[in-house]
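Look at the fold below. Then read on, one part at a time.

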Amino acid sequence: MKLLNIIFTYNRESVLKESIKSIFYNTNISADKTIIIDDNSNISTKKILFDFSQQQVDPRITNIELLLNNNNEGYARNYWKAYNLMKFYNPEYVFFYESDYIFRNNYLEECFELFEKIPDLFVVKGFAHKEYYNRAKVI
């Protein structure tokens, strides 16, 4: 299973650490890559992101790539970037989330159980269309 996490953030330093940790700690499923798209946040948010990407927060949290916008580009452009990343990485599954989400234990496992139970299921949460998302399953 090839899993790509894409996290969107903008000035979320108050919850960012807890959010990122929740996706790594509350599941037994490892992503092949986690990409964080930052929409030109303040310096304290960028420092947190840099610390995670350099494994300074927790050495178990790996394979994080940062995309730092030089300007605030907004929601739609960042999702367009995510779409292009999906085409590049060609994952089987993509997990989008905002940087203020805190995930309960086994959230990803529950999502994958739904995919197994319902083979034609394409999206568990959010909006996706097969033509736009390279036929990857979106979580």
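## Inside and outside

A residue counts as buried under 20% relative accessible area, as exposed over 50%, and as partly exposed in between (1.4 Å probe, protein chains only). By that rule, 47% of the 139 residues in the protein are buried.

The model is predicted: local features need pLDDT of at least 70, side-chain atom pairs count only at pLDDT 80 or more, and totals for chains, interfaces and linings use all residues. Residues are numbered from 1 along each chain as its sequence is written, and side-chain values use heavy atoms, leaving out hydrogens and water.

## The overall pattern

The protein has four helices and five strands. These are DSSP runs numbered from the N terminus: helices are H or I with at least four residues, strands are E with at least two. Along the sequence they follow the pattern β-α-β-α-β-α-β-α-β.

A contact means heavy atoms within 4.5 Å. Of the contacts with a separation of 6 or more, 75% join residues 24 or more positions apart.

## Helix α1

Which residues of α1 are buried? In this helix (residues 16-25), they are L16, S19, I20, S22 and I23. They sit on the same side of α1 because they cover an arc of only 155° around the axis. The arc is that of the directions from the helix axis to the C-beta atoms.

Their cover includes β1 (3-9), β2 (33-38), α2 (43-53), β4 (93-98) and α4 (107-117).

## Strand β4

In β4, six of six residues are buried. Y93, F95 and Y97 lie on one side, and V94, F96 and E98 on the other.

Strands β1 and β4 run parallel, joined by six bridges. Two strands pair if DSSP finds at least two bridges between them. L4 has V94 of β4 as its bridge partner.
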